[in-house]
Amino acid sequence: MTTRRAQGVLATAAYGTLLVLVAYTVPMTTLAPTAAALHAGPTAQTWVLTGALVGLSALLLTAGSIADDRGRKQVFAAGALLLALSSAAAAAAPATGFFLAARVVQGAASAAVLAPSLGLIGEAYPGGPARVRALGVWGAAVGLGIAVGPVYAALAERWLGWRAVYWGIALLAASLLALATTVLEESRSAARRRVDTPGVLTLGTGTAALIAGLAEGRYGWTEPVVLALLAAGVVLLAAFAAVEARCADPMLDLRLFREPGFVAATGGALFTGLAVVGLMSCLPAALQRVLGVSALAAGGVLTIWSGLSVVAALQARRLAGRIGATTQLTVALLVCGVGELALVGLRPGDSWLRLAPGLAVAGVGSGVLNAALGRLAVTSVPADRAAMGSGANNTARYLGSSLGVAVTVTLMGLGRAATPRAAADGADHAVLAATVLCVLGAAGALALRAVQRRRAGGTGQSDSSHSSR
């Protein structure tokens with residue numbers, strides 16, 4: 001593939017990733033006007049935030065497996081088309097139920113865009129420093145999408161109304177479809193596999209039930225419907241593991257979990273969702289409650305974190321020749337924990353500048369983390385299963401995000417009325433929990449790095465080899 005063609009593939013995949021994150025984050029700053037216009041109650045408001053996660057998490061691994069076997073360009077383009085249609089449906093929604101259904105479909109469409117993206121990049125950049133730089137750009141797109149989404153949504157809602165937010169995403173998705181059809185070349189694995197229908201059904205329904213239970217649980221963890229959804233999710237995911245262990249052509253080869261690199265990629269993504277994305281997704285709402293700032297201002301404060309994550313992801317390539325991807329993962333999670341710990345102590349009347357140092361440190365850690373996870377997702381699986389590796393990595397990230405948001409909302413008390421001081425105390429509890437999770441994730445990554453070094457005969461070659469692959 002020529003350099004110009006590879007750059008076009010990278011730009012398209014990064015644009016798609018950015019757009020998916022924009023679509024995911026827009027409710028952070030538009031929840032109140034959207035809920036008011038649709039007459040959505042507290043439970044429905046939770047689903048405005050969570051609906052896209054259901055579609056994303058349920059279909060990411062499935063979309064990645066299908067992309068490897070049927071064609072990465074085909075799945076990516078189908079996702080862009082469905083994202084345009086579902087966003088238009090959300091913009092035109094006449095009632096709450098219709099809007100929530102459109103958000104779930106938006107998530108499914110986002111899965112079809114996101115899952116093949118790393119596979120497309122891996123195909124365009126087979127290895128070496130060029131691949132490291134390309135995956136750094138992909139990691140920067142993740143941070144940029146989180147930075148742009150809340151601010152774009154707040155501005156569009158203020159000037160044109162909340163429906164304009166989703167019309168804008170529909171138009172951007174249409175432009176992504178045009179890029180995909182003209183720039184991307186079809187790629188797939190050499191050995192075509194049969195569709196793992198039992199795996200698709202058990203994973204999709206199990207993940208959806210688990211996330212639905214987490215969403216509903218924010219307003220009462222002992223409710224029968226919550227317990228039933230959580231139990232169904234656990235049982236169905238256990239059934240998925242049993243199915244994959246016996247399937248001749250599994251959607252997820254469970255033997256990969258014997259490889260420290262794959263476990264590091266998947267576990268790192270899970271803890272990123274739990275400890276970083278979960279907290280930062282709720283930070284704008286907490287700032288509005290504690291400091292009384294506007295939605296636009298809260299989104300602007302969040303860009304300190306997300307903006308620096310973009311810069312750090314782009315510069316992470318400079319670490320590739322010195323520090324292996326698993327080591328970067330360990331250090332980055334610790335840096336995120338240090339930054340988050342600095343957010344403790346915010347009180348009503350404080351300036352938002354009080355948060356700037358902690359957000360800056362956490363942003364740098366998040367950027368390195370995104371770049372390292374992108375590299376591990378591609379390099380920890382066989383080359384012909386790159387989209388599956390991307391799907392597994394992102395499934396873990398968004399499952400973690402769902403659980404992280406649920407824990408953060410519960411600790412912050414966002415589901416109930418609270419005084420600014422009580423909201424500040426709740427925010428402290430959530431920040432401390434996220435910090436502990438960062439440390440636990442780093443400890444797990446460090447243990448996996450030790451396993452890699454032992455397997456490589458104590459030379460560290462296994463970990464550092466990811467830098468050049």
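Analyst: Angles over 145 degrees count as roughly antiparallel. The model discussed here is predicted.

User: How are α1 and α7 oriented to each other, roughly parallel or roughly antiparallel?

Analyst: Helix α1 covers residues 3-25 and helix α7 covers residues 162-183. Their axes lie 10 Å apart, and the helices pack at an angle of about 160°. Because angles over 145 degrees fall in that class, α1 and α7 are roughly antiparallel.

User: Is the crossing of α1 and α7 left-handed or right-handed, and which residues of α1 make the contact?

Analyst: The crossing of α1 past α7 is left-handed. On the α7 side, the contact involves I169, L172, A173, S175, L176, L179, A180, T182 and V183. The residues that α1 contributes are R5, G8, V9, T12, Y15, G16, L19 and A23.

User: How many residues of the contact of α1 with α7 are nonpolar?

Analyst: The residues of this contact include five polar and one charged. The nonpolar residues number 11.

User: How are α12 and α13 oriented to each other, roughly parallel or roughly antiparallel?

Analyst: Helix α12 spans residues 325-341, and helix α13 spans residues 356-379. Their axes come within 8 Å and cross at roughly 155°, in a left-handed crossing. With the angle over 145 degrees, α12 and α13 are therefore roughly antiparallel.

User: How many residues of the contact of α12 with α13 are charged?

Analyst: Among the residues that meet are L329, L333 and E340 in α12, and V361, L369 and R375 in α13. The contact has 14 nonpolar and six polar residues. The charged residues number two.

Conventions. Residues numbered from 1 in each chain as written. Predicted model: local features only at pLDDT ≥ 70, side-chain atom pairs only at ≥ 80, totals over all residues. Heavy atoms only, no water. Axes fitted to C-alpha atoms, helices over the stretch in contact; angles between N-to-C directions. Helix = DSSP H or I, 4+ residues; strand = E, 2+ residues; numbered from the N terminus. Parallel < 35°, antiparallel > 145°, perpendicular 65-115°, else oblique. Left-handed = near helix turned anticlockwise from the far one by under 90°. Contact = heavy atoms within 4.5 Å. Nonpolar A, V, L, I, M, F, W, Y, C, P; charged D, E, K, R; others polar.
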